[in-house]
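Dear colleague,

Please find below the sequence and structure that I am handing over to you. My findings follow directly after them.

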Amino acid sequence: TSTGMRLQGLNWLNPDSDANYAELTNGAGEMPRRLPQETLLMVSSGNFQQLWQSLSDTGAPLLPFDPVSLKAGLQATTGLSVDDDFLPWMAGEFAFGLLPPEGANVAPATDMGQLVFMVQANDRAAAETTWAKLDELVASRYGYQVQETLIDGLPITEWNSPFEGITMSHGWLDGNVAFFGVGAPVAGAIAPRHTQSQAETSHIQTLTPSSKPD
């Protein structure tokens, strides 16, 4: 287009499929505003629980991952169930974001940067129970050091690898938004409200008004 390159895709269902996407909506309006303008890649939607269940029930061969395999992998590594421990409190909008490495304007080809997942929780008590199980698990089974810290006044839980490798963190943002990040500086990148968010960049504002299907 005159403003850049736009990609659109179409995924066909099997002729005998009874899949119905009539209830699947994308009302994500808040999450893009929580990511900094330096965000390299963002995927968002209006209801994580609804989207995950639809993909699991109907399948989506063009996706780069298989929801059923991911569920089995999580069960094997943590003992927790996506259906029982996660989905019940993930009925709000969500976003995956890829942020550049700390101190870099553009991520080098050899550095994936920082990953963050944010979701608005509809049941914070249930979410807290799940996070507590994960904290205990990564400490007892995998030897991570679990510690509490404050970033911009917000309590953050960090998981530090015993081999001084990957650092992960989770916590809460305002509005009952839970986040999980891979990379030590993730919390510092998303905790403050930004003077210019990813949703306010010129590229996003140019593309999003005209990206809805006809």
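Strand 2 and strand 3 (residues 114–120) pair in the antiparallel sense, with 6 bridges between them. Please note that the model is a predicted one. On strand 2 there is a further pairing: strand 1 (residues 41–45) joins strand 2, also in the antiparallel sense, over 5 bridges. Of the 6 residues of strand 2 (residues 94–99), 5 are buried, so the strand is largely enclosed by the rest of the structure.

With a relative accessible area of 41%, Phe 96 is partly exposed. Why does a value of 41% make Phe 96 partly exposed? The class covers the range between the buried limit, under 20%, and the exposed limit, over 50%, and therefore includes this residue. Phe 96 also contributes to a nonpolar patch on the surface, together with Leu 40, Leu 41 and Val 43; the accessible area of these residues together is about 360 Å².

Phe 94, which also lies in strand 2, is buried, with a relative accessible area of 3%. As a general point, side chains in a regular strand alternate between the two faces of the sheet.

Next, the aromatic contacts. The count of aromatic pairs comes to 10. In one of them, the ring centres of Phe 94 and Phe 117 are 6.2 Å apart and the planes stand at 45°, so this pair is tilted. Because Phe 94 belongs to strand 2 and Phe 117 to strand 3, the contact ties together parts that are 23 residues apart in sequence. Phe 117 is buried, at 14% relative accessible area. A second pair, formed by Trp 131 and Phe 180, is stacked, with 6.3 Å from centre to centre and 15° between the planes. Here distant parts of the chain are linked: Trp 131 is in helix 4 and Phe 180 in strand 7 (residues 177–182), 49 residues apart. Trp 131 counts as buried at 8% relative accessibility, whereas Phe 180 is partly exposed at 22%.

Which residues do the ring pairs link into a cluster? They are Phe 48, Trp 52, Phe 94, Phe 96 and Phe 117. The cluster thus takes in Phe 94 and Phe 96, the former buried and the latter partly exposed. One further contact involves an aromatic ring and a charged residue: Arg 124 lies over the face of Trp 172, at 4.1 Å from the ring centre.

I turn now to the charged side chains. Side chains of opposite charge can pair when their charged atoms come close.

- Lys 71 and Asp 83 meet through their side chains at 3.1 Å, N to O. Lys 71 lies in helix 2 (residues 67–78) and Asp 83 in helix 3 (residues 82–86), so the pair ties together parts that are 12 residues apart in sequence. Lys 71 is partly exposed, at 24% relative accessible area, and Asp 83 likewise counts as partly exposed, at 40%.

- Lys 133 and Asp 85 form a salt bridge at 3.3 Å, N to O. This pair links distant parts of the chain, with Lys 133 in helix 4 (residues 124–140) and Asp 85 in helix 3, 48 residues apart. Lys 133 counts as partly exposed at 39% relative accessibility, while Asp 85 is buried at 13%.

- Glu 30 and Arg 34 meet in a salt bridge of 3.5 Å, N to O. Glu 30 is partly exposed, with a relative accessible area of 28%, but Arg 34 is buried, with 5%.

Salt bridges that share partners join Glu 30, Arg 34 and Asp 174 into one network.

With kind regards

Methods: Residues are numbered from 1 along each chain as its sequence is written. This is a predicted model: local features need pLDDT of at least 70, side-chain atom pairs count only at pLDDT 80 or more; totals for chains, interfaces and linings use all residues. Side-chain values use heavy atoms; hydrogens and water are left out. Buried means under 20% relative accessible area, exposed over 50%, partly exposed in between (1.4 Å probe, protein chains only). Helices (H or I, at least four residues) and strands (E, at least two) are DSSP runs, numbered from the N terminus. Two strands pair if DSSP finds at least two bridges between them. Patches are made of residues with over 30% relative accessible area and no salt bridge: like charges are joined within 9 Å, nonpolar side chains (Val, Leu, Ile, Met, Phe, Trp, Tyr) within 5 Å. Accessible areas come from the Shrake-Rupley method with a 1.4 Å probe; for residues, only the protein chains shown count as cover. A salt bridge is a side-chain nitrogen of Lys or Arg within 4 Å of a carboxyl oxygen of Asp or Glu. Rings of Phe, Tyr and Trp (its six-membered ring) pair if their centres lie within 6.5 Å; planes under 30 degrees apart count as stacked, over 60 as edge-to-face and the rest as tilted. A charge sits over a ring if NZ of Lys or CZ of Arg is within 6 Å of the ring centre and within 35 degrees of the ring normal.
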